[in-house]
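Have the model open as you read.

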Amino acid sequence: MSTDNKRVGFTHARNKNKSLYTLCVPANKYNVSMAQMDTCKEFRIGSTGYAYTHFFHIHRLDNNKVNANERLHLKFYVLAPMDAHILLATTDRPSIRDRVYEVVIGAGKNSFSTIRIRMGSNRMSTSTEPGILAMYDPTPIEIIQTKDGTLSVYIPGYKKEPLLNYTDPEALELNYLSFSSFGLATAKWYYDCQFDGFAEEMEEEVHQLDAYHALLANLTKKSANKSVPMDIESVNFAFQLKSVVYNHEKSILHTRLHLTLNWQDTRLTWNADENEIAAISFSYKDALAMLWIPDMIVLNAAHGSNTQHESDIALVIYANGSITMVNTNAEFSTWCVDAKHNWPHERLNCGLLMGLETFSPYKHEPITLKYDNTVPLPVEPFNMLSEWHFRQLSIAEIVSNDDKTSRYSAKAIARTINGDLSLGFTIERNSGFYRNVFTMPILACETLLVLSFLLRGYRRGGLILVVVFVLSLGFMFVTRHAPTAYIPNILHAYRHVMRTATFCYLLHVALMWLELYPPKAKPFDWMLTLINVSALRLLLCMRLVDCDQYVSIQTQPWRELAKMINNFCFVIVSGIFIIIDILLLPNF
């Protein structure tokens, strides 16, 4: 082979290897290099978890490349393995309840992406295309909001169509933007890049703040969007009882407390001497926008009717991180059922079961409520202006053998767990009032019915009708106050006396008929013999038969029989009343 041919062959081989080398060099995933990121501003997120702590103000007028139909046009880049969170909000202090636009790229270990209208919830658009993010190649993200309320998220270099798209009928006026991650994932964000023409999209608002507002801004940042303190284990609980009202018809106990909660948040500390500020006070509305507040729930609440007025709640943060919340008028309505059926002698032990819904982020255990023993327990804090008397107050910590790891059961029913508190209220009805009001008419009617056996004619009938009228009024009055779930003893007594009064009136009619219009036929011989029995007459408090009376009995036997029936019924009715007074009235 000649030298020229060798040289040509070597050159051909070298060019071929160069082509192969060029093919083996990996290109950037989205045609964006790290060298281009040198023209951008950088924002880093460490392993801080899910929290929006740094907010950028969006230039509404200086957004580059904003078309005529667009309200917002942003573009930035991210280096992250997964869970790139972008928050678009109207204010720089959004709460969990506020409407926002939260864009998550590479959620679920870089398996899907979504748009949410609240932080952490309410998905509106979802893309299940995986592998969008890359750890070593910048991922471009372009967000466009049009004037008709459509929010579109593009990944330039991936596809021309938007990855996510959502049309909001009530579009938000977006002023602030923030970045975040999730769990232990880290991220690097690049914005205001010179090479792509988006140089002045966002800016951090810088104001010269006084000491108070600078401290307030620092506390807001440290609170990490109202996240739960990592090392919190318990919340101290103290109270002063203001009123207790029991509704027996609905079996509901209404309680008003002066409530105090205290907990420690080590993130919210500062040097009091340096700032010359020992404590900062907040209204409930302002605190709710920046701090985590214990979400106390009442487990035996009646229809969820617990009332908390914002004007009655105030919070104070001290320099050592101690936070105190005071609610001067906390109102609770709880179930309290009387199961002993002893009206009006009820003595009820009603409970107010309280707990916290949040679990400790560090130990994944329920945050407990601890009663503050330094505050004296009120024994007789007030006078109940009702028929119920307050007798005793007790506090107990709930301890369960079951290792429950969830506040709610499989049927979504709230249940007690270890660390909850039970406030026990012992109340008693004023039974003396009912005893005097309801028993006196019965005793008076019993006396009048017994005396009616000594009268004759229309006077006896009129007296019995008066007794029936009084019993009817008393019966109606009792039914207005007595429980309807069962029949108390006093109603049994009224029923028996009413039946006896009815019998006495019918007896009066029968005796009047025997005396005034006796049958023409003579009574049976055994009746005449029974009328003349001395022992029976003595038992019925009647005089013994002499000669003159014997002749009268023979001529008018029905009249004498009527007297004997009257006296016999007198003894029976008196015995019935004695039984009623012994068995029913003492238990009332």
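Strand β4 (residues 84-89) pairs with β11 in the antiparallel sense, over five bridges. Strand β2 (residues 55-58) also pairs with β11 in the antiparallel sense, over three bridges. (Pairing takes at least two DSSP bridges between two strands.)

This is a predicted model, where local features need pLDDT of at least 70 and side-chain atom pairs count only at pLDDT 80 or more, while totals for chains, interfaces and linings use all residues. Residues are numbered from 1 along each chain as its sequence is written, and side-chain values use heavy atoms, leaving out hydrogens and water.

Here's who faces whom:

| Residue | Opposite residue in β11 |
|---|---|
| Phe-56 | Leu-177 |
| Ala-89 | Tyr-176 |

Now for the helices. Helix α7 (residues 458-481) packs with helix α8 (residues 489-516) at an angle of about 160°, and their axes are 10 Å apart. That makes α7 roughly antiparallel to α8 (the label goes to angles over 145 degrees). Contact here means heavy atoms within 4.5 Å. Among the residues that meet are Ile-464, Leu-465 and Phe-475 in α7, and Tyr-494, Met-498 and Leu-511 in α8. The residues of this contact divide into 17 nonpolar, five polar and two charged.

Definitions and conventions: Axes are lines fitted to C-alpha atoms, for helices over the stretch in contact, and angles run from 0 to 180 degrees between N-to-C directions. Helices (H or I, at least four residues) and strands (E, at least two) are DSSP runs, numbered from the N terminus. Angles under 35 degrees count as roughly parallel, over 145 as roughly antiparallel, 65 to 115 as roughly perpendicular and the rest as oblique. Ala, Val, Leu, Ile, Met, Phe, Trp, Tyr, Cys and Pro count as nonpolar, Asp, Glu, Lys and Arg as charged, and the others, Gly among them, as polar.
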